[in-house]
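Here are my notes on this one, jotted down as I went through it. Have the viewer open while you read.

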Amino acid sequence: DMRNVYIQNSCTYVNELGFRIIGFASICGDHLSALFVDPAFQNSGYGKILLRHMQSIKTDISLCVYKKNEKAIEFY
C-alpha cells in the first residue's frame, strides 16, 4: 500500500537543516501515512515540528502505528 497508494497520492513535507533533509511527513487525504526523522536528529523537536505542520493543514488526522513501536506510540 505504501508504494501503490500512499506515496502516489500523498503530499509530502520536508524538514531541512541547511542543505540536509533531516525528516519528512506525508499525508494522504486525512491520513498521516509517514513521519520520519533522521535518527541523528530524533528527540530534538523536529518530529513535533512536522506533526504540528500537518495539524495546521488538517483538523482531523488519522494514523496507524504498530503496537510494538512504543517510541511512536509515546510520540503521538
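**Notes on the predicted model**

1. Let's start with Val14, which sits in strand β1, running over residues 11–17. Keep in mind that this is a predicted model. Val14 comes out as partly exposed, at 46% relative accessible area. Together with Ile21, Phe24 and Phe36, Val14 makes a nonpolar surface patch of about 370 Å².

2. Next, the pocket. The largest pocket has a volume of about 940 Å³, and its lining takes in 28 residues. If you want to centre your view, Leu35, Asn69, Ala72, Phe75 and Tyr76 are the lining residues that lie nearest the middle of the pocket. The elements giving two or more residues to the lining are α1 (2–9), β3, α2 (46–57) and α3 (70–75). Of these, β3 provides the largest share, with 7 residues.

3. While you're at β3, look at His31. This residue belongs to that strand, which covers residues 31–37. Is His31 buried or exposed? His31 counts as buried because its relative accessible area is 16%, under the 20% cut-off. The His31 side chain has a polar contact with the side chain of Ser62, at 3.0 Å.

4. Now the charges. Side chains of opposite charge can pair when their charged atoms come close. The count here is 2 salt bridges. One of them joins Arg20 and Asp38, with the closest N and O atoms 2.8 Å apart. This pair links distant parts of the chain: Arg20 is in strand β2 (residues 20–28), while Asp38 is in the loop between β3 and α2, 18 residues apart. Both ends are partly exposed: Arg20 has a relative accessible area of 42%, and Asp38 has 22%.

5. The side chains of Lys58 and Asp30 also form a salt bridge, at 3.4 Å from N to O. Lys58 is in the loop between α2 and α3 and Asp30 in the loop between β2 and β3, so this pair ties together parts 28 residues apart in sequence. Lys58 is partly exposed at 26% relative accessibility, and Asp30 is partly exposed too, at 43%.

6. One backbone angle to check: which residue has a positive phi although it is not a glycine? That would be Asn43, with a phi of about 65°. Asn43 is in the loop between β3 and α2, the loop that also holds Asp38. With a relative accessible area of 74%, Asn43 is exposed.

Note on methods:
Residues numbered from 1 in each chain as written. Predicted model: local features only at pLDDT ≥ 70, side-chain atom pairs only at ≥ 80, totals over all residues. Heavy atoms only, no water. Patch = residues over 30% accessible without salt bridge, like charges linked within 9 Å, V, L, I, M, F, W, Y side chains within 5 Å. Areas by Shrake-Rupley, 256 points an atom, 1.4 Å probe, with all protein chains shown as cover. Salt bridge = Lys/Arg side-chain N within 4 Å of Asp/Glu carboxyl O. Helix = DSSP H or I, 4+ residues; strand = E, 2+ residues; numbered from the N terminus. Buried < 20%, exposed > 50% of the residue type's maximum accessible area, 1.4 Å probe, protein only. Polar contact = N/O pair within 3.5 Å; in protein donor to acceptor, adjacent residues only side chain to side chain. 1 Å grid on protein atoms, 1.4 Å probe; cavity = no way out; pocket = protein on both sides within 12 Å on 5 of 7 lines; lining within 4 Å. Points joined across faces, edges and corners; volume = space filled by probe spheres on them.
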